[in-house]
Amino acid sequence: MVSFILRRLGIMVLTALCLTFIVFWLTNLFPNLEKLAKTQGNFRMSDEAVLTYLGNNGYLQPLPVKYGQWLGVLPGYVIAGTDGEMRARCAAGGQDIADAARFCGILQGNWGYSTVFRDDAGSIIATRLGLTGKLMFWVMLLMVPGALIIGVMAGMNEGSRTDRSLSTVSILSTATPEYVSGVVFIAVFGTATFGMQWFKGTATAAMDDANFENFFLPVLTIALYGMGYIARMTRASMTEVMTAQYIRTARLKGVAFSQIVLRHALRNALIAPFTVIMLQFPFLLNGVVIVETLFNYKGFGWTLVQAASNNDIELLLGVSIVSVFVVLTTQLISDIGYVFLNPRIRIA
Amino acid sequence: MDPLTWTGGLGAFLNPALAITAALCGIVLVVQTGLRMGSAAVTLQSNPDGTLQGRGGVLGALDTALIYLVWALVALLLAYIVVPLVMPYGSAGILGEITRRLLPVWIALVATFALSIRFKRRLGLYGKLFDSTVGMIGFVLVMFWVYVAAFVGVFDMIVTHDYLSQVSGLKNALPGVMVPDGTQGVIPHYLLGGDNLARDIFSRVMAGSVFVIAIAPLATIFAFMVGITLGLPAGYYGGKFDTALSFAANLILAFPVILLFYLLVTPEIVQTGIPSYMAAFLFAFPLIFIGVLINTRYYTQPAKRNAIILPVLGILGWLYLSAINASGTVIDFLPAWADLFDISVLVVFVSVVFVNAPTVFRIVRGLTLDLRTRDYVAAAQTRGEGAWYIMLWEILPNARGPLIVDFCLRIGYTTILLGTLGFFGLGLSSESPDWGTTINEGRKLLLIYIHPALPPAMALLSLVLGLNLLADGLREESLKD
């Protein structure tokens with residue numbers, strides 16, 4: 001088990017390195033750097049001025065060197081600029097170059113500097129993640145029990161009318177991407193057109209003070225898309241369990257139907273959905289980006305859009321690290337959890 | 001002429017009738033559910049004389065009533081479509097005019113269904129689809145949009161105004177608004193109102209279907225070609241090759257899709273030519289796939305093989321070169337006469353294929369891992385068949401069930417991805433009538449005007465729902481074998 005986890009952790013680190021290198025490479029392509037220089041300086045910069053700016057700020061070093069510096073395995077650059085000023089990667093914010101550390105990369109806990117927000121990337125990500133964490137907490141609270149209840153109700157009597165109607169509902173919810181359901185919810189519940197203006201159409205206020213009125217629609221929008229999928233998986237696993245021998249034995253013993261479902265079937269039926277719920281995280285991340293943009297909730301997803309559309313290299317890298325970490329950790333947890341929940345599986 | 005109302009003269013009778021039927025349906029359902037809580041779940045009763053009888057009593061009566069009520073509901077909804085066809089212009093309201101514009105689609109749908117149901121026993125899996133209600137509903141929704149796209153894209157029917165032309169004074173105009181004289185299209189109204197740039201929303205939504213119907217299935221086919229060509233050997237051989245490919249697939253899947261889109265579909269990246277190289281790489285897979293497919297089938301008859309493979313690969317190769325070659329990009333070597341077409345949305349197409357291919361790869365690999373242990377594979381190996389023959393002609397046909405189902409689901413997912421791209425304004429011009437872009441345009445003023453954003457949202461929802469229901473129906477029917 002330990003060697004399995006260690007191997008998975010090794011693959012995780014390797015994946016994260018490859019992924020960040022790809023992001024690093026794509027964001028450091030010359031047209032992207034040119035755009036960055038022009039947004040930082042001004043839009044009518046000449047080609048020479050762009051090159052000077054990039055050279056002075058260390059962007060024109062070879063790609064592996066830059067990546068090593070960002071990672072913290074190579075010493076940060078110290079460049080004598082063409083304007084006579086010395087610039088060092090590790091001496092941000094007017095610090096004396098002599099006092100600055102030699103290495104300052106992600107390994108030293110330095111997330112870099114966001115060129116859009118003009119702030120430390122690490123602290124931006126921390127705040128934004130906190131806001132998104134709040135959103136995700138409520139999403140999970142709504143989505144997981146809802147999906148499990150729907151799936152179990154549909155799966156305990158396969159082919160019944162309850163099953164068919166609940167299955168249709170879950171297909172409908174998987175077929176509704178967040179930008180469709182969000183728009184429909186805002187139109188119906190956020191405006192006065194249908195006489196049901198019960199909620200706020202934006203969640204900006206929910207960042208400081210979340211309440212039912214301004215936070216329910218975004219939570220519902222994200223939860224709905226994932227709910228259908230989990231419910232269908234739960235239903236499939238429940239119908240399989242309900243045809244098992246031990247359920248038939250319980251029936252023949254004369255155990256009440258509710259007891260069969262709650263005591264005999266439910267625990268075995270919940271193994272598969274656990275994996276699915278964990279693997280839903282990457283998709284939820286997408287939903288978060290769309291919903292935060294739609295409802296103008298300035299969380300992690302919103303930050304991703306801002307960083308990506310402005311080629312904010314270090315912030316974007318930070319965002320990628322966090323999302324890759326989330327994706328890979330949930331995969332790991334789902335694998336380990338599966339083994340714990342299902343005693344028939346052994347990992348050597 | 002006056003602005004149109006939603007249902008016009010038609011609504012005077014149909015609206016109350018519909019409301020009453022729907023309400024009765026609801027009441028019966030609630031009463032039935034309430035009654036069933038306390039009674040046993042009996043569907044058949046055996047009589048003392050040995051005969052069987054359908055559920056009697058109040059519950060049985062309610063069952064029968066519910067069936068009649070649902071049929072009445074369906075008939076009323078059909079009346080909304082059929083009756084306006086014989087009413088004069090404008091008297092059946094917005095809904096009536098929309099169904100009248102869609103007349104070619106209704107005719108095509110009825111013809112498709114009549115033919116398919118008539119010959120369903122001879123049509124294999126497709127024919128079996130018509131045994132499942134869910135599958136049929138899904139098929140109606142999908143074919144509706146396929147026909148709309150065909151009639152709009154090929155014959156320029158259905159749309160009422162040019163989807164780009166702006167008419168002054170109709171900015172954010174409400175549905176059914178009159179168009180001023182001189183600027184009329186086919187009809188003198190904006191059926192679903194005007195958008196923020198005073199363009200006809202109905203025409204834009206209908207024209208937007210062409211983009212989705214053309215791109216989504218094609219991109220899915222390409223993703224499948226890539227996934228199958230790489231997944232079969234990965235699953236069949238295993239080993240280092242499999243480990244490397246699986247790692248690459250998991251790497252792509254670990255990216256949040258939107259981040260990947262932002263990294264691939266920006267004007268700066270297009271400038272570097274990365275999408276063109278990716279297109280050259282990804283578009284080669286269909287060629288490889290079809291070449292190997294033909295070769296493994298006919299390699300014992302070289303003359304026949306050459307007669308088939310050369311023209312096929314010649315035509316496909318030309319198509320391939322024209323697809324990746326575009327003037328003004330990094331891949332620009334064909335003379336103008338040889339370049340058959342330019343794909344204006346190449347970046348979008350490539351990134352959607354790129355995102356979908358790893359998932360298909362994983363599915364195909366998993367299926368191959370399972371199927372390669374079967375007896376017919378061992379038999380083929382004993383006969384001395386080549387590895388690729390076994391993969392393509394023994395394993396792949398036996399994996400078709402799950403792959404067809406996933407193909408339907410994946411077209412739906414691709415539709416969602418295309419909408420996501422439009423929603424973030426990536427890769428598509430802001431004038432494009434595709435649904436994602438129109439939803440994005442509409443949502444900016446959503447709290448003031450809701451009518452520009454809802455029609456494209458509903459269109460996208462109905463298409464994806466149709467594809468999912470279709471996949472569900474196919475799964476159900478293919479499991480019955």
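A crossing of two helices is called right-handed if the near helix is turned clockwise from the far one by less than a right angle. The legends below use the term in this sense, and they describe a predicted model.

**Figure 1. Helix H13 of chain A beside helix H9 of chain B.** The crossing in which H13(A) passes H9(B) is right-handed. On the chain A side, the residues that take part are Leu304(A), Ala308(A) and Ser309(A), and they meet Ile258(B), Leu259(B) and Tyr262(B) of H9(B). Sorted by class, this contact between H13(A) and H9(B) holds five nonpolar residues and one polar residue, with no charged residues.

**Figure 2. The side of chain B that touches chain A.** Across the two chains, 39 residues of chain A are in contact with 34 residues of chain B. On chain B, at least two residues of this side come from each of the helices H8 (239–254), H9, H10 (267–272), H17 (400–423), H18 (435–443) and H19 (454–479). With nine residues, H19(B) gives the most to the side of chain B that touches chain A. By class, the residues on this side of chain B are 24 nonpolar, seven polar and three charged.

**Figure 3. The fold and extent of chain A.** Chain A contains 14 helices and four strands. Its radius of gyration is 26 Å, well over the 20 Å that the globule rule gives for 348 residues, so chain A is more spread out than a compact globule. Taken along the principal axes, the box filled by the C-alpha atoms of chain A is roughly 90 × 60 × 30 Å. Of the 348 residues in chain A, 41% count as buried. Among the contacts in chain A with a separation of 6 or more, 68% are between residues 24 or more positions apart.

Figure 4. Arg372(B) lies in the loop that runs between helix H14 (346–371) and helix H15 (375–383) of chain B. With 19 other C-beta atoms within 10 Å, Arg372(B) is partly exposed, because a residue counts as buried if 20 or more such atoms lie within that distance and as exposed if 12 or fewer do. When neighbours within four places in sequence are left aside, the contacts of Arg372(B) are Gly235(B), Tyr236(B), Val377(B) and Ile395(B). Of these, Ile395(B) is 23 residues from Arg372(B) in sequence, and the C-alpha to C-alpha distance between the two is 7.1 Å.

Definitions and conventions. Residues are numbered from 1 along each chain as its sequence is written. Chains are lettered from A and ligands numbered from 1 in the order in which they are written. This is a predicted model: local features need pLDDT of at least 70, side-chain atom pairs count only at pLDDT 80 or more; totals for chains, interfaces and linings use all residues. Two residues are in contact if their C-beta atoms, placed from the backbone, lie within 7 Å. Ala, Val, Leu, Ile, Met, Phe, Trp, Tyr, Cys and Pro count as nonpolar, Asp, Glu, Lys and Arg as charged, and the others, Gly among them, as polar. The radius of gyration is taken over C-alpha atoms; the globule rule is 2.2 Å times the number of residues to the power 0.38.
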